[in-house]
Amino acid sequence: GPEQAAHPWRGRITVSPAPGLPGSPDKSTGVLADIASFVGTAAPAHFTIAGESVLYAGPAEWTLRRQVLHYAHLCKAAGGVDAFVIGSELRGLTQLRSATSDYPFVAALVALAADVKSVLGPGTAVTYAADWSEYFGHQPADGSADAHFHLDPLWASPDIDAIGIDIYWPLADWRDGLEHRDALDGAASTYALDYLKANISGGEGYDWYYASDADRAAQVRSPITDGAGKPWVFRFKDIRNWWANPHFDRPGGSESTTPTAWSPQSKPIWFTEMGCPAVDKGANQPNVFFDSKSSESRPPHFSRGTRDDLVQRRYLQALLETFDPATPAFLTEDNPLSSHYAGRMVDASRMFAYTWDARPYPAFPEDTETWSDSGNWTFGHWLNGRTASAPLADLVARLLTDYGFSDHDASRLTGTATGFVIDRTGLVLTNEHVV
């Protein structure tokens with residue numbers, strides 16, 4: 001546009017004019033200078049550690065390399081870390097091309113990962129946290145029919161130890177009332193775990209997509225298919241097939257005869273972020289957020305804009321029970337074992353719920369004089385102050401069970417209870433026993 005919007009998402013960082021706009025240098029060598037300026041030339045040799053301080057003696061630049069390598073040396077000065085993420089959701093940069101199939105920023109990330117590994121050593125796992133719409137490939141909307149596994153040079157790098165994905169998949173397509181497709185198909189509510197779990201390997205982004213806003217409003221769903229028996233190439237939710245198969249680029253829509261550098265099942269997948277806003281119908285579009293300062297602020301599709309802690313809880317519960325073998329409802333078919341390393345496809349120890357805030361609850365969000373973003377907490381992704389609440393259905397069922405009632409069903413209750421108080425003790429007489 002004519003100027004940068006206020007507080008845009010980091011995924012918007014790109015060249016100017018942006019890809020798709022007249023005069024954009026995308027798909028030409030014109031992007032190289034902008035990328036080089038952003039990445040910089042800072043090197044590990046430019047940094048030294050003096051006690052707990054990190055000193056820099058390289059070029060006078062404020063660049064990505066200087067920032068990330070500074071952080072790496074801080075970690076080294078602190079005694080080392082288990083894992084290090086070199087960047088997060090830089091989709092607008094990783095998808096830039098200097099030619100039809102050349103992605104120079106991806107090459108820069110490969111080099112940066114190697115330098116970070118050299119600083120922190122082989123005992124530190126290194127990854128990049130890709131956006132859920134970025135990790136699996138690039139299919140530019142330029143009429144070329146190109147489909148490239150553009151991050152494969154990074155995922156295949158020996159200095160990258162895991163596939164990092166920030167998971168904000170839509171797990172619902174709920175509308176008010178009971179005359180919409182999902183309700184008519186038998187889903188009990190947007191909180192139903194079986195409904196949400198079925199949409200982890202199904203639903204939008206797996207079985208179908210909306211070709212336009214008008215189609216979304218009318219629930220006109222277009223099937224995801226490629227005509228070649230590999231629809232998973234275009235499914236952003238199909239991590240199993242993406243992880244388990246070799247990858248072949250499709251310049252101009254025709255599959256290459258030579259696979260990319262990706263080796264199937266070679267590395268675990270980490271959910272470097274996973275979360276849902278605490279707002280009505282959050283599972284419809286969990287990547288959006290409320291921030292009065294940001295141009296990205298918006299409610300999820302078809303949301304009434306009211307607070308809803310339960311949908312946030314159920315969204316995370318669906319992912320945890322599907323991929324974490326420590327949960328009773330773990331489904332092994334959604335998380336197969338690797339034949340190349342001793343582990344499952346999704347490393348359950350690296351599933352990071354977003355967001356935990358270092359600021360203590362309830363000081364944040366109640367101290368509005370200290371923190372100007374306190375107002376965002378109500379509808380935001382924050383877990384602080386919410387996880388101690390109980391789903392109303394679970395609380396009522398537990399109370400009835402504790403008091404000896406076995407013939408009950410509270411499953412259709414919705415909402416959460418932030419607390420429960422028994423203000424006095426007494427006798428409850430029933431026709432069978434005294435408690």
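The model is predicted.

**Entry: aromatic pairs**

I searched the whole structure for aromatic pairs and got 17. I picked Phe149 and Trp232 to look at. Their ring centres are 6.3 Å apart and the planes stand at 40°, so I noted the pair as tilted. Then I looked up where the two residues lie. Phe149 is in the loop between strand S4 (125-131) and helix H5 (152-155). Trp232 is in the loop between strand S7 (222-223) and helix H9 (239-244). The pair therefore ties together parts that are 83 residues apart in sequence. Both Phe149 and Trp232 are buried.

Next I took Phe271 and Phe323. This aromatic pair is edge-to-face, with 5.2 Å from centre to centre and 85° between the planes. Phe271 belongs to strand S8 (residues 269-274), and Phe323 to helix H10 (residues 309-323). So this pair joins parts 52 residues apart in sequence.

Ring pairs link its members, which are Tyr135, Phe136, Trp242 and Trp262.

**Entry: charges over rings**

I checked arginines against ring faces. Arg175 lies over the face of Phe302, 3.7 Å from the ring centre. Arg350 has its charged end over the ring of Trp270, at 4.8 Å from the centre.

**Entry: salt bridges**

Side chains of opposite charge can pair when their charged atoms come close. My count of salt bridges came to 29. I wrote up three of them.

Asp142 and Lys27 form a salt bridge with 3.6 Å from N to O. Asp142 is in the loop between S4 and H5, while Lys27 is in the segment before helix H1 (30-39). The two are 115 residues apart, and the pair links distant parts of the chain. Asp142 is partly exposed, because its relative accessibility is 38%. Lys27 is partly exposed too, at 36%.

Asp176 pairs with Lys281, and their closest N and O atoms are 2.6 Å apart. I placed Asp176 in the loop between strand S5 (163-167) and helix H6 (181-184), and Lys281 in the loop between S8 and H10. This bridge therefore ties together parts 105 residues apart in sequence. How exposed is Asp176? Asp176 is partly exposed, at 47% relative accessibility. Lys281 is buried, at 2%.

Asp402 and Arg398 meet in a salt bridge of 3.0 Å, N to O. They are 4 residues apart in helix H12 (residues 392-402), so about one helical turn separates them. Arg398 is exposed, at 55% relative accessibility. Then I looked for shared partners. Salt bridges join Lys27, Arg97, Asp142 and Asp146 into one network.

**Entry: a buried serine**

I looked up Ser389. Ser389 sits in the loop between helix H11 (363-366) and strand S10 (390-391). Its relative accessible area is 6%, so Ser389 is buried. What does Ser389 touch, leaving out residues up to four places away in sequence? The contacts are Arg313, Thr416, Ala417 and Thr418.

**Entry: a nonpolar patch**

I ended at the surface. Tyr403, Phe405, Phe420 and Ile422 make a nonpolar patch of about 420 Å². Ile422 lies in the segment after strand S11 (416-417). Ile422 counts as exposed because its relative accessibility is 55%, and exposed means over 50%.

Notes:
Residues numbered from 1 in each chain as written. Predicted model: local features only at pLDDT ≥ 70, side-chain atom pairs only at ≥ 80, totals over all residues. Heavy atoms only, no water. Patch = residues over 30% accessible without salt bridge, like charges linked within 9 Å, V, L, I, M, F, W, Y side chains within 5 Å. Areas by Shrake-Rupley, 256 points an atom, 1.4 Å probe, with all protein chains shown as cover. Salt bridge = Lys/Arg side-chain N within 4 Å of Asp/Glu carboxyl O. Buried < 20%, exposed > 50% of the residue type's maximum accessible area, 1.4 Å probe, protein only. Phe/Tyr/Trp six-rings, centres within 6.5 Å; stacked < 30°, edge-to-face > 60°. Lys NZ or Arg CZ within 6 Å of the ring centre and 35° of its normal. Contact = heavy atoms within 4.5 Å.
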